[in-house]
Structures are given as structure tokens and as C-alpha cells.
Amino acid sequence: MLRPEDLRSRHTEPLRVKLEARFSRFRAGTRGLLLPLFTWPLLFDLVVEVVQGDSRGVVAALLGLGLPLLAVRQLRRGRVGDTARAAVLMAVATGLVALLGGKLSPLIALMLAGGAWLGTRLLYDGAVQEVEPPAAPAPPPPPGPLAESEARLARLREVGEARLAPVLVSMAAVLEDLSARPERLPLARRFLTVHLDGLERIADRLAAGAEPPEGLNQLLLDLQGAAEGLIARLRAEESAALDIQVKVLADRLRQEGYA
Amino acid sequence: MPRIDKTLLATLPVPFRRLAGLWLLGLTLWLASAVALFR
């Protein structure tokens, strides 16, 4: 059995919610547009000043009409501090209009400017959800120490010389090993430079149509062997280092009486 | 993170703040404009 309250809430609540949503959308859509409406006398003033040929008055009227428009733009952007900036713009507009257009005393112009600032803050403080400006795109990460070697290797692969393929695979393995453990790079830098230089020259000549000499295959095998040897040597050094660590730790445990 | 600016006179009720702001802007900016026109 439905009670009358239930029936009423069922019919009125969605309508209320809908109306509120519509009203807040209207408020958001027209936010700030009130500000230029305060300066309507300046539209007529502009005509009067132009007719009278008073350039100071024309400037004052133009500033008085333009600055509130800028303030509206600031306000509707809705970034952090935009309400405060809009209020300052309104204060400047009011002060200039009073000083230049109204030819009032500077003190009164200052008071009017302060009033306009306070009025804008009162009208719009908290009315807009101010959001942080979007963060600047992060700069690209600096190229790694291996970036250049990797690029050269990729270029060699693009040449597509079938004879070089096994060497390139070995070189790629070296680079992979080094990128996993960059601290080994100083040991392999010279190796990388010499090998990549040599491979690039060979690839260039072959691409230019050179006849491969007899020794080329042996040289390529040597290069491949050197790359594999380097990986093996780096691993062996790691193993030796681990071996030393194990010995040191075992001695320490024995000295401390734990083993 | 969106945040609401509550720096100024946040303790006053909102409709009162808005009315006061409207009145103040009318008093200052509109008055200055009107003086510029009718001086």
C-alpha cells in the first residue's frame, strides 16, 4: 500500500532534481555574463565622446567596455586564481573609467575600484569550481647510454644484409645484456664502438654493390664470436664477484661463530 | 583536484554574498560608467 508521502515524493523529487540540474546548468552556462551589463552607460558614452572628440574619454569607454569582457573570459576559464584575476580586472576597469571617463578624483576612483574588486569577489568566490591548469606535457626521457648504439644497430638491420644477420643477433644480445646491467657499460663501450663502426662500413660497401672478399665470412664469424665472448666474459666477471661475496660472507659467519 | 575558493567572507550565507556583490558592483562600476556618461 503506497502512502501519500511516497506518492508525492515519487512525483516531486525527480522534478525537483531535474529543475535543480537545469538551473545549475543555466548558471554555469551564463556565469560571468552579468559583469559587462554593468557598463551599458559606456556604450552611449562612447558615442558621446567620439562626437565630442574627447580622446581620453574614448579610451576610458573602450577600456571600461573591454576589461570586463576580459574578466568574463578569465572567470569562465575557471582555473585556480581566475576569480581573483577577474576581480582585479574589474577593479582596474572601474578605476580607469572613474579616473579618465568620469574625471573623478584619484581617491574616489581608488575607492570605487576597491568596491568593484570586493563586489566581484562576493559575486563569484566559490561559485566556480576552480581546477588546476593542465600539467605541461612531461619532457621526453633523456636518451639512455645505449640509445645511440641501439639506433645504429636498428639502422644496420634495416639494410637487410643476410650475411650480417648472425652478427647483428649477437650484438643485440650484448646490448640487451648491457641495458639490463648498465654498470657493465664502461667495460663494453670500446667493443661496441669498434664493432658497430666496422659493421656499418661493411654494410655500406655491400649495399654499394661491392664484391665480398674471401675473408669476409671469417671476419663476420670473428665478430660474432667476439660478441658472444664479451657476454660470456661479463657473466664470468659477475660470477667471480658473486664467488668472492660468497667466500667473504662464509668467512664472516665463521668468524662471528654462526657457522 | 578541483577545489572551491572560500577565501573571502566564506562565513556569510551564499545568497547574501551574491546580493551584496551585485549591489556593490552596481554601486561602483555602474556608477562610474554613469558619471562618465552624464558628467
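Colleague: Which residues of α6(A) are buried?

Modeller: This is a predicted model. Burial here is a neighbour count: 20 or more other C-beta atoms within 10 Å. In α6(A), the buried residues are A:Ser149, A:Leu153 and A:Leu156.

Colleague: Where do the buried residues fall, seen down the axis of α6(A)?

Modeller: They fall within an arc of 55°, so they line one face of the helix.

Colleague: What do the buried residues of α6(A) pack against?

Modeller: They pack against α7 (165-180) and α8 (185-207) of chain A.

Colleague: Which exposed residues does the face turned away from the buried side carry?

Modeller: That face of α6(A) carries A:Ala147, A:Ala151, A:Ala154, A:Arg155 and A:Glu158.

Colleague: What span should the 13 residues of helix α6 of chain A have?

Modeller: Count 1.5 Å a residue. Residues 147-159 should then span 18 Å. The end C-alpha atoms of α6 in chain A are 19 Å apart, which agrees.

Colleague: Now the interface. How is its size often given?

Modeller: Often as the accessible area lost when the parts come together. Contacts are another way in. Here, 30 residues of chain B are in contact with 35 residues of chain A.

Colleague: Which elements of chain B give two or more residues to the side that touches chain A?

Modeller: β1 (3-4) and α1 (14-38) of chain B. The largest share, 19 residues, comes from α1(B).

Colleague: How do the residues on that side of chain B divide into nonpolar, polar and charged?

Modeller: There are 19 nonpolar, five polar and six charged residues on the side of chain B that touches chain A.

Methods:
Residues are numbered from 1 along each chain as its sequence is written. Chains are lettered from A and ligands numbered from 1 in the order in which they are written. This is a predicted model: local features need pLDDT of at least 70, side-chain atom pairs count only at pLDDT 80 or more; totals for chains, interfaces and linings use all residues. Helices (H or I, at least four residues) and strands (E, at least two) are DSSP runs, numbered from the N terminus. The expected span of a helix is 1.5 Å times one less than its number of residues. A residue is buried if 20 or more other C-beta atoms lie within 10 Å of its own, exposed if 12 or fewer, and partly exposed in between; C-beta atoms are placed from the backbone. The arc is that of the directions from the helix axis to the C-beta atoms. Two residues are in contact if their C-beta atoms, placed from the backbone, lie within 7 Å. Ala, Val, Leu, Ile, Met, Phe, Trp, Tyr, Cys and Pro count as nonpolar, Asp, Glu, Lys and Arg as charged, and the others, Gly among them, as polar.
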